[in-house]
Amino acid sequence: MSVKQISVGPDVQFAIETHYRAEVRLWQTGQYREWLKDMVAEDIHYWMPIYEQRFLRDRRSDPTPDDAAIYNDDYGELDQRVERLYTGTVWMEDPPSKIRYFIGNVEAFDAGKDEFDVYSNLLVYRNRRQLETTVHTLGREDSLRRVGDGFKVFRRKLLLDARVTQDKNLYFFC
Amino acid sequence: MTGDPRLVDTIESSQSREIFWDKDVYDLELERIFGRAWLFLGHESLLPKPGDFITTYMAEDKVILSHQPDGSFRAFINSCTHRGNQICHADSGNAKAFVCNYHGWVYGQDGSLVDVPLESRCYHDQLDKSRLAAKPVRVETYKGFIFGCGDADAPSLEEYLGEFRWYLDTIWEGAGGGLELLGPPMKSILACNWKVPTENFVGDGYHVGWTHAGALAGIGGELAGLAGNRADIPFEDLGLQFTTRHGHGFGVIDNAAPAIHVKREGWAKYLAETRAEVGRKFGPERERLYVGHWNCSIFPSCSFLYGTNTFKVWHPRGPHEIEVWTYTMVPRDADPETKSTIQREATRSFGTAGTLESDDGENMSSATHVNRGNITRDGRMDSSMGAGFEGPHPVYPGIVGSSFIGETSHRGFYRFWKEMLDAPDWTAVKANDNTWDSVFTNREYWTDKLDAVE
């Protein structure tokens, strides 16, 4: 990103942070269908690339959507992931696990045509069964589009900080 | 511990729970299995050019695997012979030399010590560098897949794969192009004994319909019928199960290779266009396997699903934890779009956020950690499903079970595990070559069954 990007004013900044708070509430309460329908655009690319540990001298380019990625989904594929959680036969989620999100450092930039580039930091705390706790931190790069009086995300890139995931899975949305 | 018949009972098809928990058993595994067997390191496609390297593990040992200027592959322990510092921290790259960060000792692509700082001034040219190479490991390659071994007395990789090559050739050579791996790998920690996922992949068709009921219903297609393990499905007509002398094994679901993939046009077309050549080269029995879906483990700790095309290594981290590395298998001569689509589908189903793989994590960890309790641990685990409904087959090598839902491949895996743990060296293992399958006592099972069909 360039430091010359045009920051949004306080009203849009407030509206986007409010949008993110509502999104987190839907995830924490298991309202995944509502999230997908109301907050995700049908042209979404939802992407969590795999970054290798490389030497500074390594000239190879960063991963693209043609390369290995933990998530590399369109709308239909996200819908498949969401619907799995409603089948009642995902035994690991019965009783359900807990998840809580802490979102910070939200920086929103005007991308023109009622679109916004937004950067944020995420801390995700998961708890399941009796004693199982895991923590993930990520960077998030979004492209949001104003839809009605709210926003929908149409590009979401999730940058994991840990090379080796210290968790059974990464089956949660960000 | 050695020779203890209680750990694995090959007559009653049961195992002690200690094999998932006990530290002494684990230490013996490190010595007698991981220190002796051929372990998966990588594939030529992950380091295609001279100078390309990857870092990986052989059990708990860190290893550098490097593509040599002459086109061969060499591997050596990723630890400096000065004070033991790890030499290389990159996952992959291209390097003519590897420099230890601590005092700057320089190792060549084959692990030889080629330079040290201040060699004249401070070592007075009296350091014998020829005796200070990083410790080498044996490297051999089969159809592009690269394996390493820490035992000079181990048989060749080809002998170790043995009659299992008859099966692997079907897919690793196929119509000619064979398979390659796509990285970089996903990596994650899972709190389980390494054998739980290995046995799950080698022979567990049973869990699919129950554990993955939710995901199967969402995917639909050929395998949706398995959801719920309903009694009305003719499982014996859907596939087979195999095990071999050195513990390698798999189950196959007929005509289901790409069934887990939602977007599968390119992969299905590739299989349709190449299967006739496979039939011509390898015969109809193996053409059947070529278009089936396999759940497979190569002893001890490498597993894959052919069809879904996820490829895994379960690196042990003590008895109660593993580090899972996940690659994708693709046909070398498929078009780039097909390769990319296979990678996306394999990851969506069996990656770290896999719609199926995410179902399995608790099965793996729970079967390990329940044994924290000593009343629990003083018990056994059963793998007798289909015992007796298996035997030597007139066409397929090894031992063949009658259904992909059965525990034939578990029995073969733990039979070899016990043999390796009991044997003081490879000579003792080789002495059993002619009698290894005598624990599968129904010798006439297949001749009787096939006669009855005719």
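**Exercise 1. Strand β18 of chain B**

Task: In this predicted model, determine how many residues of strand β18 (residues 310-316) of chain B are buried, and which residues lie on each side of the strand.

Solution. 
Step 1. A residue counts as buried when its relative accessible area is under 20%. By this criterion, seven of the seven residues of β18(B) are buried, and the strand is mostly covered.
Step 2. In a regular strand, side chains alternate between the two faces of the sheet. The residues may therefore be sorted into two sets.
Step 3. One side of β18(B) carries B:Thr310, B:Lys312, B:Trp314 and B:Pro316.

**Exercise 2. The neighbours of β18(B)**

Task: State whether β17(B) and β18(B) run parallel or antiparallel, and identify the strand with which β18(B) pairs over seven bridges.

Solution. 
Step 1. β17(B) and β18(B) are antiparallel and are joined by three bridges. Within this pairing, B:Val313 of β18(B) stands opposite B:Cys302.
Step 2. The two strands make a hairpin with three residues between them, and B:Gly307 in the turn has a positive phi of about 115°.
Step 3. The strand that pairs with β18(B) over seven bridges is β19 (residues 322-331) of chain B, again in the antiparallel sense. Here B:Thr310 has B:Thr328 of β19(B) as its bridge partner.
Step 4. β18(B) and β19(B) also form a hairpin, with five residues between them. B:Gly318 in that turn has a positive phi of about 80°.

**Exercise 3. Backbone angles that stand out**

Task: Locate the prolines that follow the cis peptide bonds from B:Gly183 and B:Phe299, and describe the setting of A:Asp114 and B:Asp125.

Solution. 
Step 1. Most residues other than glycine have a negative phi, and most peptide bonds are trans.
Step 2. The bond from B:Gly183 to B:Pro184 is cis, with omega near -5°. B:Pro184 belongs to strand β13 (residues 179-190) of chain B.
Step 3. The bond from B:Phe299 to B:Pro300 is likewise cis, with omega near 0°. B:Pro300 is placed in the loop between β16 (293-298) and β17 (302-306) of chain B.
Step 4. A:Asp114 has a positive phi, near 60°. It sits in the loop between β3 (98-112) and β4 (115-128) of chain A, and its relative accessibility of 44% makes it partly exposed.
Step 5. B:Asp125 also has a positive phi, near 55°. The loop between β10 (113-115) and β11 (136-142) of chain B holds this residue; B:Asp125 is exposed because its relative accessible area is 52%, and the cut-off is over 50%.

**Exercise 4. The interface of chains A and B**

Task: Describe the interface by its contacts, its buried area and its salt bridges, and then find which element gives the most residues to the side of chain A that touches chain B.

Solution. 
Step 1. In chain A, 37 residues are in contact with 41 residues of chain B. The chains bury about 3,300 Å² between them, of which 51% is on carbon and sulfur atoms.
Step 2. Nine salt bridges are found across the interface. One of them links A:Arg129 to B:Glu362, whose closest N and O atoms are 2.6 Å apart.
Step 3. There are 23 residue pairs in polar contact between the chains.
Step 4. On the side of chain A that touches chain B, β2 (69-73) and α3 (75-84) each supply at least two residues. The element that gives the most is β2(A), with five residues.
Step 5. By type, the residues of this side divide into 17 charged, twelve nonpolar and eight polar.

Technical notes: Residues numbered from 1 in each chain as written. Chains lettered and ligands numbered in written order. Predicted model: local features only at pLDDT ≥ 70, side-chain atom pairs only at ≥ 80, totals over all residues. Heavy atoms only, no water. Helix = DSSP H or I, 4+ residues; strand = E, 2+ residues; numbered from the N terminus. Buried < 20%, exposed > 50% of the residue type's maximum accessible area, 1.4 Å probe, protein only. Contact = heavy atoms within 4.5 Å. Buried area = accessible area lost by both parts, 1.4 Å probe. Salt bridge = Lys/Arg side-chain N within 4 Å of Asp/Glu carboxyl O. Polar contact = N/O pair within 3.5 Å; in protein donor to acceptor, adjacent residues only side chain to side chain. Nonpolar A, V, L, I, M, F, W, Y, C, P; charged D, E, K, R; others polar. Pairing = 2+ DSSP bridges.
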